[in-house]
Amino acid sequence: MTDAFGTPETGPVGDDSPYESFAHLARTRRTSMFVEPDRDVAPELVQELCGLAQWAPNHKKTWPWRFAYFTGDGRRRLGETMVADMVDADFGDEGKRLKTRTKYLRTPGVLVVGCEPHPNEMLHHENREAVPAGIQNQLLGATAVGLASFWSTPALTRPPRVLDLCGFGREDRIVGIIYLGWADGRTVETPERPPMPITLVTA
Ligand SMILES: Cc1cc2nc3c(=O)[nH]c(=O)nc-3n(C[C@H](O)[C@H](O)[C@H](O)COP(=O)(O)O)c2cc1C
């Protein structure tokens with residue numbers, strides 16, 4: 001057992017406990033694009049990871065997640081479509097647009113994750129909170145099977161042409177673009193976590 005900062009300590013939970021396995025997984029997941037460039041990530045596996053997302057808490061069961069998976073030339077199409085949206089929105093300089101055109105080719109798979117809006121303001125916010133909770137499930141699942149993953153935020157979060165390409169609604173918001181590939185064994189520096197004091201109120 002370790003404490004909140006990863007320091008070993010003794011406790012009621014044994015080293016081979018489900019908690020310890022889970023804590024290890026949570027701590028060893030890294031944001032990484034160190035991938036085998038020519039090894040595909042099968043859509044069936046991505047479908048499985050998308051299923052995991054739906055096991056995150058979701059108040060009122062609104063199922064706000066939206067997914068679109070890009071492989072092969074689809075990744076180039078995603079980049080070109082994003083650039084068309086950038087031009088329409090008068091966003092970014094020539095250098096940024098050039099980079100966007102090819103950036104999705106960096107890993108064999110790219111998963112776009114969207115969030116559906118909700119007419120009720122509270123549920124709208126709760127949808128936005130449920131989607132990242134689901135993404136974390138996916139990232140942990142990806143780590144467990146040996147995939148490297150990298151969560152990024154797109155320059156435009158409601159790019160109309162990209163939303164259409166993804167099959168999402170025009171009011172949906174892109175919460176993350178997740179790069180996926182089989183980890184190639186290179187290690188990524190682990191960003192340190194600061195101490196996390198908690199307020200404890202007992203009476
Ligand atoms: C909502 C969200 C958006 C992110 N967007 C980016 C991004 O655009 N570019 C990037 O380099 N990292 C991005 N990251 C990854 C973080 O930089 C990364 O999680 C952080 O550096 C800690 O590294 P770790 O995930 O390996 O612990 C994003 C993470 C989250 C949660």
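**An exposed residue, a helix pair and a ligand shell**

Thr202 counts as exposed because it has 3 C-beta neighbours inside 10 Å; the term applies at 12 or fewer other C-beta atoms within 10 Å, with C-beta atoms placed from the backbone. The model is a predicted one, in which local features need pLDDT of at least 70, side-chain atom pairs count only at pLDDT 80 or more, and totals for chains, interfaces and linings use all residues. Residues are numbered from 1 along each chain as its sequence is written.

Thr202 sits in the segment after strand S4 (173-182), strands being DSSP runs of E with at least two residues and helices runs of H or I with at least four, numbered from the N terminus. Between the C-alpha atoms of Thr202 and Gln138 lie 35 Å, at 64 residues apart along the chain.

Helix H2 (residues 43-53) and helix H5 (residues 121-145) have axes that come within 7 Å and cross at roughly 135°; axes are lines fitted to C-alpha atoms over the stretch in contact, with angles from 0 to 180 degrees between N-to-C directions. H2 is therefore oblique to H5, the class left over when angles under 35 degrees are roughly parallel, over 145 roughly antiparallel and 65 to 115 roughly perpendicular. From H5, the contact includes Gln138, where contact requires C-beta atoms, placed from the backbone, within 7 Å.

Finally, the residues around the ligand are Arg30, Thr31, Trp151, Ser152, Thr153 and Pro191, by the criterion of a backbone-placed C-beta atom within 6 Å.

Technical notes:
Buried ≥ 20, exposed ≤ 12 C-beta atoms within 10 Å, placed from the backbone. Contact = placed C-beta atoms within 7 Å.
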